[in-house]
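Hi everyone, and thanks for coming.

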Amino acid sequence: MVHIALPNGKIIKDVEVYSTDIDDYDLLIGMDIIVETDFVITNKDSRTTFQFRSPSQGDIEL
């Protein structure tokens, strides 16, 4: 169990984690984290980025 600190300073406590030998990833974000925030993934010019917003501010217009 670990605490996860999101970029906006929000801390989600007691997150169950698993170890793996996959070298390409630092962290896999699960639904237990995503449901705590507004979570947006964008991909442009083969560059993928993501953002967290908490607390949720409702629907996002695209």
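Before we go anywhere, a word on naming: helices (H or I, at least four residues) and strands (E, at least two) are DSSP runs, numbered from the N terminus. With that in hand, let's start at a loop. Aspartate 45 lies in the loop between β3 and β4, and serine 46 is found in that loop between β3 and β4 too.

Some housekeeping. This is a predicted model, where local features need pLDDT of at least 70 and side-chain atom pairs count only at pLDDT 80 or more, while totals for chains, interfaces and linings use all residues. Residues are numbered from 1 along each chain as its sequence is written, and side-chain values use heavy atoms, with hydrogens and water left out.

Aspartate 45 is not a glycine, yet its phi is positive, about 55 degrees. Serine 46, also not a glycine, has a positive phi of about 65 degrees. Are these residues buried or exposed? Aspartate 45 comes out at 70% relative accessibility, so it counts as exposed. Serine 46 is exposed as well, with a relative accessible area of 76%.

Now let's look at the strands on either side of that loop. How many aromatic pairs does a search of the whole structure find? The search finds one. Here, rings of Phe, Tyr and Trp (its six-membered ring) pair if their centres lie within 6.5 Å; planes under 30 degrees apart count as stacked, over 60 as edge-to-face and the rest as tilted. The ring centres of phenylalanine 39 and phenylalanine 50 are 6.0 Å apart and their planes are at 45 degrees, so this pair is tilted. Phenylalanine 39 sits in strand β3 (residues 38-44) and phenylalanine 50 in strand β4 (residues 47-53), so the pair ties together parts that are eleven residues apart in sequence. Phenylalanine 39 is partly exposed, at a relative accessible area of 24%.

Let's go inside. A nonpolar core is a set of buried Ala, Val, Leu, Ile, Met, Phe, Trp, Tyr and Cys residues joined through side-chain atoms within 4.5 Å. Which residues form the largest one? There are six: Ile4, Leu6, Ile12, Val15, Ile33 and Phe52.

Take isoleucine 33, which is found in helix α1. It is buried, with 4% relative accessibility. For contacts, I mean heavy atoms within 4.5 Å. Setting aside neighbours within four places in sequence, isoleucine 33 is in contact with Ile4, Leu6, Ile12, Val15 and Phe52. Valine 15, with residues up to four places away again not counted, touches Met1, Val2, Ile4, Asp32 and Ile33.

Lysine 13 gives us a contrast. It is found in strand β2 (residues 11-15) and counts as exposed at 58% relative accessibility. Lysine 13 and histidine 3 are ten residues apart in sequence, and their C-alpha atoms are 4.3 Å apart in space. Beyond its neighbours within four places in sequence, lysine 13 is in contact with Val2 and His3.

One last stop: the largest pocket. On a 1 Å grid over the protein atoms alone, a pocket is an open set of points where a 1.4 Å probe fits, with protein on both sides within 12 Å along at least five of seven lines; lining residues have an atom within 4 Å of a point. The largest pocket is lined by 25 residues, and Asp26, Leu27, Leu28, Ile29 and Gly30 lie nearest its centre. The elements giving two or more residues to that lining are β1 (2-5), α1 (31-34), β3 and β4.

That's my tour; I'm happy to take your questions.

Technical notes. Buried < 20%, exposed > 50% of the residue type's maximum accessible area, 1.4 Å probe, protein only.
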